[in-house]
Amino acid sequence: MSILEARGVGITFGGLRAVHDFNLSLEKGELTAIIGPNGAGKTTTFNMLSGIYKPTEGNILINGQSILKCHPHEVSSLGVARTFQNIRLFTKLSVLDNVKVAMKGKTTYGFFDAILRTRKCKNEEKMIEEKSHELLALFNMDDVSELQAGNLPYGEQRKLEIVRALAADPQILFLDEPAAGMNEVEIEEVMEVIADVRKKFDITVLLIEHHMSMVMKIAEHIKVLDFGETIAEGKPEEIQANPQVIEAYLGKGGSS
């Protein structure tokens, strides 16, 4: 059974059909990319797959369970975590606290435990602190754990978003343009981070990205959207040579 499956998914806003007949099947451990020119419907598709938007057609299943009636936090509890195009860190909190916040959903102590600071509360808070430091250390960020997140360089903020998403212990990680606004050195670092994530956490990764060199290097399978329709899918070498994809990005006549 696929870990995530989209069957004929689409959405209409008023009279505008943003995405139509989108199909996807992800197996555990795969790294798949969704690409396409601006306005192709990539982020809208992500928003449907993560429960932020409700499709007007089709069905989405995670481990065989439909998420059509689920709220975003319920989708998250099924093992889905994501980052966004625009960085959404708690900029006034420390790097460490940003990671700890993502783990709060895993706690089992109650309101009175927190008020009375019971042993159960203290033990779980200690576990969260230790695991947060472990995660940051994996990505060479533990030495900045006490800095305000908003004071980090842009590339480090992007990396922190990925670390925070991993803190939720997901089965599926959605990365929405993780290299947006980065220079070439930072892009290389993010590619290494994503490769490390797959290796160390054995999770499924679905990403949207505009940097084609990055996509072609790390993705195993690519789907191409244009005006809300899937125009091609396959391995990176197949996508690079596909005339429909070239036309969608460059227009008729290609590079001429």
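Reader: What should I know about the model and its numbering?
Author: The model is predicted: local features need pLDDT of at least 70, side-chain atom pairs count only at pLDDT 80 or more, and totals for chains, interfaces and linings use all residues. Residues are numbered from 1 along each chain as its sequence is written, and side-chain values use heavy atoms, with hydrogens and water left out.

Reader: Why is the contact between Asp 176 and Arg 82 called a salt bridge?
Author: A salt bridge needs a side-chain nitrogen of Lys or Arg within 4 Å of a carboxyl oxygen of Asp or Glu. Here N and O are 3.4 Å apart, so the pair meets the rule. By this rule the count comes to 12 salt bridges.

Reader: Where do Asp 176 and Arg 82 lie?
Author: Asp 176 is in strand β7 (residues 172–176) and Arg 82 in strand β6 (residues 80–82). They are 94 residues apart, and the pair links distant parts of the chain. Strands are DSSP runs of E, at least two residues; helices are runs of H or I, at least four; both are numbered from the N terminus.

Reader: What makes Asp 176 buried or exposed?
Author: Relative accessible area decides: buried is under 20%, exposed over 50%, partly exposed in between (1.4 Å probe, protein chains only). Asp 176 has 1%, so Asp 176 is buried. Arg 82 has 15%, so Arg 82 is buried too.

Reader: How do you know that Arg 164 and Glu 161 form a salt bridge?
Author: Their N to O distance is 3.9 Å, so the pair falls within the limit. Both lie in helix α6 (residues 154–167), three residues apart, about one turn of the helix. Arg 164 has 14%, so Arg 164 is buried. Glu 161, at 4%, is also buried.

Reader: What makes Lys 217 exposed but Glu 188 partly exposed?
Author: Lys 217 has 56%, so Lys 217 is exposed. Glu 188 has 35%, so Glu 188 counts as partly exposed. The two form a salt bridge, with the closest N and O atoms 3.4 Å apart.

Reader: What makes the space lined by Gly 155 and Val 190, among others, a cavity?
Author: A cavity is a set of points on a 1 Å grid over the protein atoms alone where a 1.4 Å probe fits but cannot get out; lining residues have an atom within 4 Å of a point. The search finds one cavity of 30 Å³ or more. Helices α6 and α7 each give two or more residues to the lining.

Methods: 1 Å grid on protein atoms, 1.4 Å probe; cavity = no way out; pocket = protein on both sides within 12 Å on 5 of 7 lines; lining within 4 Å. Points joined across faces, edges and corners; volume = space filled by probe spheres on them.
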